[in-house]
Amino acid sequence: MPHRTPTPVILEPEYIEGFREIYEEKIVFNKTLGLKLVKVTPEGVEARIDMRPELVGHFAYNRIHGGVISAVLDAIGSAAVMAALAAKHMDETPAKRLERFAKLGTIDLRVDYLRPGIGEHFTITANALRVGSRVGSSRMEFCGPDGTLMSTGAGAYIVS
């Protein structure tokens with residue numbers, strides 16, 4: 001029997017719009033950080049933040065605060081899990097899948113700070129490793145303007 005490659009799931013514009021509204025507007029802390037979603041697919045999520053004086057953790061080096069790095073890795077890790085979860089439930093309406101955010105919570109988060117966070121902007125990416133009926137897990141990367149890996153993360157999230 002020939003191996004068939006599954007058809008990729010494409011999330012509807014209505015779902016993506018609601019997803020973006022939740023992450024960029026309704027989660028006010030993300031808005032405070034300036035988190036902007038660049039790409040949302042079931043395979044992964046990409047976001048960006050621009051460096052601002054409010055995000056400085058070390059004034060002498062204009063280095064981004066480690067708490068900001070941790071927060072955006074957590075946000076994008078959960079976003080990757082939610083996008084993958086949405087792909088598993090395409091039989092539901094976009095609005096019904098967006099309601100699942102009400103049950104989302106971080107169970108565990110690990111961050112490894114590899115290099116100082118210095119730059120004009122940063123890219124954060126994540127992909128879901130596994131999404132079960134109750135828990136999802138993801139891996140995340142925080143990169144500088146030139147693509148240099150500055151921090152990594154791993155997270156576990158309750159989804160039900």
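Modeller: Happy to! Strand β7 (residues 135-143) and strand β8 (residues 149-158) run antiparallel and are joined by nine bridges. Strands here are DSSP runs of E with at least two residues, helices are runs of H or I with at least four, and both are numbered from the N terminus; two strands pair if DSSP finds at least two bridges between them.

A word on the source: this is a predicted model, in which local features need pLDDT of at least 70 and side-chain atom pairs count only at pLDDT 80 or more, while totals for chains, interfaces and linings use all residues. Residues are numbered from 1 along each chain as its sequence is written, and side-chain values use heavy atoms, with hydrogens and water left out.

Now the whole sheet. It is open, with six strands in the order β1-β2-β6-β7-β8-β5 and antiparallel pairing. At the edges sit β1 (36-41) and β5 (105-113), each pairing on one side only. From one strand to the next, the twist averages 15 degrees. β1 and β2 form a hairpin with two residues between them, paired over five bridges, and Val 40 stands opposite Val 45 in β2. Six antiparallel bridges link β2 to β6, where Ala 47 stands opposite Ile 124.

Helix α3 (residues 66-88) packs on this sheet, touching β1, β2 (44-50), β5, β6 (121-131), β7 and β8; contact means heavy atoms within 4.5 Å. The direction of α3 makes about 45 degrees with that of β6. Axes are lines fitted to C-alpha atoms, for helices over the stretch in contact, and angles run from 0 to 180 degrees between N-to-C directions.

Helix α1 joins in too: α1 and α3 pack at about 155 degrees, with axes 12 Å apart. That makes α1 roughly antiparallel to α3, a label for angles over 145 degrees. In α1, Tyr 15, Phe 19 and Tyr 23 meet α3 residues including Ala 75, Ser 78 and Met 82.

Finally, the largest nonpolar core has 43 residues, of which Phe 19, Tyr 23, Ile 49, Ile 64 and Phe 142 touch the most other members. Such a core is a set of buried (under 20% relative accessible area, 1.4 Å probe, protein chains only) Ala, Val, Leu, Ile, Met, Phe, Trp, Tyr and Cys residues joined through side-chain atoms within 4.5 Å. α3 gives the most to this core, with 15 residues.

Technical notes. Buried means under 20% relative accessible area, exposed over 50%, partly exposed in between (1.4 Å probe, protein chains only). Angles under 35 degrees count as roughly parallel, over 145 as roughly antiparallel, 65 to 115 as roughly perpendicular and the rest as oblique.
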